[in-house]
Amino acid sequence: MALKPRYKRRIIWAIIITIAVAAIAIILVPPLITLNNLKPRLEQTITEQTGIMARIDGDVHFSLLGRATIVAHNIALPNGTVGALMFAVPLGSIFNLDNARLTGDITVYDADITVHSLVPQNFNHALDIHNSVVLFKDKQYEIIDAIMDNGRLVGTVRTDQHKYDIDFE
């Protein structure tokens, strides 16, 4: 026995509504959940995998858009602060970071860092740097966008008077 048209419409609408609710949940729910209980483990993971001692003073959130991404806010470093640090982890490891490896680039937003010497840093991951300020030899440099990978820094830097496209190795 075939379904009547009105039952077919109801089934189609039920499927559409279910998909819409799932999509909205994936977009809206993760930012509302904090992972603050994972701060000590995240700090340890950041230190182990980047070599930088970090203390997370802000909230920790995650996102499931595109890939499992963790965002830590207000991070204190030995030579400055970072407004937000974003990195990806495997989806199955988002709540179990003991064996999680960072995947892809680490993205840094709104950093304010003092650099004492130009020694190339070799991190295990590429660093994407956005809207950050570096103080070097009493001069302030604004990093608009840059990538630091394998001891090489490529990006756009602005001073009070000039804008530079840089490529340091």
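Is R55 buried, exposed or partly exposed? With a relative accessible area of 47%, R55 is partly exposed, where buried means under 20% relative accessible area, exposed over 50% and partly exposed in between (1.4 Å probe, protein chains only).

This is a predicted model, in which local features need pLDDT of at least 70 and side-chain atom pairs count only at pLDDT 80 or more, while totals for chains, interfaces and linings use all residues. Residues are numbered from 1 along each chain as its sequence is written, and side-chain values use heavy atoms, with hydrogens and water left out.

**Confidence and overall organisation**

The protein chain has an average pLDDT of 81, and 84% of the residues score at least 70; pLDDT is the predictor's confidence in each residue, from 0 to 100. Confidence is lowest in helix 2, at a mean of 78, and highest in strand 1 (residues 55–56), at 92. Where pLDDT is low, the predicted coordinates should not be read in detail.

Two helices and nine strands make up the secondary structure of the protein chain, and from the N terminus on the order of elements is α-α-β-β-β-β-β-β-β-β-β. Helices (H or I, at least four residues) and strands (E, at least two) are DSSP runs, numbered from the N terminus. Of the contacts with a separation of 6 or more, 28% join residues 24 or more positions apart, a contact being heavy atoms within 4.5 Å.

Of the 169 residues of the protein chain, 37% count as buried. The largest nonpolar core has 30 residues, of which I70, I75, L85 and F87 touch the most other members. Helix 2 (39–50), strand 2 (60–63), strand 3 (69–77), strand 4 (80–88), strand 5, strand 6, strand 7 and strand 8 (152–158) each supply at least two residues of this core. Such a core is a set of buried Ala, Val, Leu, Ile, Met, Phe, Trp, Tyr and Cys residues joined through side-chain atoms within 4.5 Å.

The protein chain exposes about 10,900 Å², of which carbon and sulfur atoms supply 58%; accessible areas come from the Shrake-Rupley method with a 1.4 Å probe, and for residues only the protein chains shown count as cover. On the surface, I24, I26, I27, L28, V29, I33, L64 and L65 form a nonpolar patch with about 670 Å² of accessible area together. Patches are made of residues with over 30% relative accessible area and no salt bridge, like charges being joined within 9 Å and nonpolar side chains (Val, Leu, Ile, Met, Phe, Trp, Tyr) within 5 Å. One of the patch members, I26, is found in helix 1 (residues 5–32).

**Individual residues**

The structure holds one salt bridge, in which R55 pairs with D57, the closest N and O atoms being 2.9 Å apart; the term requires a side-chain nitrogen of Lys or Arg within 4 Å of a carboxyl oxygen of Asp or Glu.

T107 lies in strand 5 and touches A84, L85, M86, D128 and H130, not counting residues up to four places away in sequence.

Although not a glycine, D110 has a positive phi of about 55°, and this residue is found in strand 5 (residues 103–115). D138, likewise not a glycine, has a positive phi of about 60° and is found in the loop between strand 6 (127–136) and strand 7 (139–149).

| Residue | Relative accessible area | Class |
|---|---|---|
| I26 | 41% | partly exposed |
| D57 | 44% | partly exposed |
| T107 | 8% | buried |
| D110 | 48% | partly exposed |
| D138 | 79% | exposed |
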